[in-house]
Amino acid sequence: MKQGSKEKFFKIYANLPLGIRQEIVLVLNDGRPITWNVAYIEIEADTPLSKDILEKLEKFKII
């Protein structure tokens, strides 16, 4: 994971329309869908899941 991934995510998230934040942004390997709002909560809390989310968002060039 690149340095500044969290900052990139928060900058993009802040500019999303409220309705978009409820949409699925990615699906984890185990099939769990992750919305922008769920990603925000996980990344803000710096959970182990947040690392996976940030890595996938970078891999798919979303952030």
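Buried here means a relative accessible area under 20%, and exposed means over 50%. The model described is predicted.

**Helix 1**

By that cut-off, Ser5, Phe9 and Tyr13 are the buried residues of helix 1. They lie on the same side of helix 1, because the arc they cover around the axis is only 65°. An α-helix has 3.6 residues a turn, so residues three or four places apart point the same way. Glu7, Lys11 and Ala14 are exposed on the other side of helix 1. The cover over the buried residues of helix 1 includes helix 2 and helix 3.

**Helix 2**

Trp36, Ala39 and Ile43 are buried in helix 2. Their arc around the axis is only 60°, so these residues too are on one and the same side of helix 2. The face of helix 2 that is turned away from the buried side carries Ile41 and Ala45, which are exposed. Among the elements that cover the buried residues of helix 2 are helix 1, strand 1, strand 2 (residues 33-35) and helix 3. After helix 2 comes aspartate 46, with a positive phi near 55°.

| Helix 1 | Ser5, Phe9, Tyr13 | 65° |

**Packing of helix 1 on helix 2**

Two packed helices are described by the angle between their axes and the distance between the axes. For helix 1 (residues 5-14) and helix 2 (residues 36-45), the angle is about 140° and the axes are 11 Å apart. The crossing of helix 1 past helix 2 is left-handed. Helix 1 makes the contact through Lys6, Phe9, Phe10, Ile12 and Tyr13, and helix 2 through Trp36, Asn37, Ala39, Tyr40, Ile43 and Glu44. By type, the residues of this contact are 8 nonpolar, 1 polar and 2 charged.

**The nonpolar core**

The largest nonpolar core has 15 residues, and the members that touch the most others are Phe9, Leu26, Ile53 and Leu57. At least two residues of this core come from each of helix 1, strand 1 (residues 24-27), helix 2 and helix 3 (residues 48-59). Helix 3 gives the largest share, with 4 residues.

Phenylalanine 9 counts as buried because its relative accessibility is 0%. Between phenylalanine 9 and isoleucine 53 there are 44 residues of separation in sequence, and the C-alpha to C-alpha distance is 10 Å.

**Serine 50**

Helix 3 also holds serine 50. Is serine 50 buried or exposed? With a relative accessible area of 1%, serine 50 is buried. Its contacts, leaving aside neighbours within four places in sequence, are Glu42 and Ile43.

Terms used:
Residues are numbered from 1 along each chain as its sequence is written. This is a predicted model: local features need pLDDT of at least 70, side-chain atom pairs count only at pLDDT 80 or more; totals for chains, interfaces and linings use all residues. Side-chain values use heavy atoms; hydrogens and water are left out. Axes are lines fitted to C-alpha atoms, for helices over the stretch in contact, and angles run from 0 to 180 degrees between N-to-C directions. A crossing is left-handed if the near helix is turned anticlockwise from the far one by less than a right angle, and right-handed if clockwise. Contact means heavy atoms within 4.5 Å. Ala, Val, Leu, Ile, Met, Phe, Trp, Tyr, Cys and Pro count as nonpolar, Asp, Glu, Lys and Arg as charged, and the others, Gly among them, as polar. A nonpolar core is a set of buried Ala, Val, Leu, Ile, Met, Phe, Trp, Tyr and Cys residues joined through side-chain atoms within 4.5 Å. Buried means under 20% relative accessible area, exposed over 50%, partly exposed in between (1.4 Å probe, protein chains only). The arc is that of the directions from the helix axis to the C-beta atoms.
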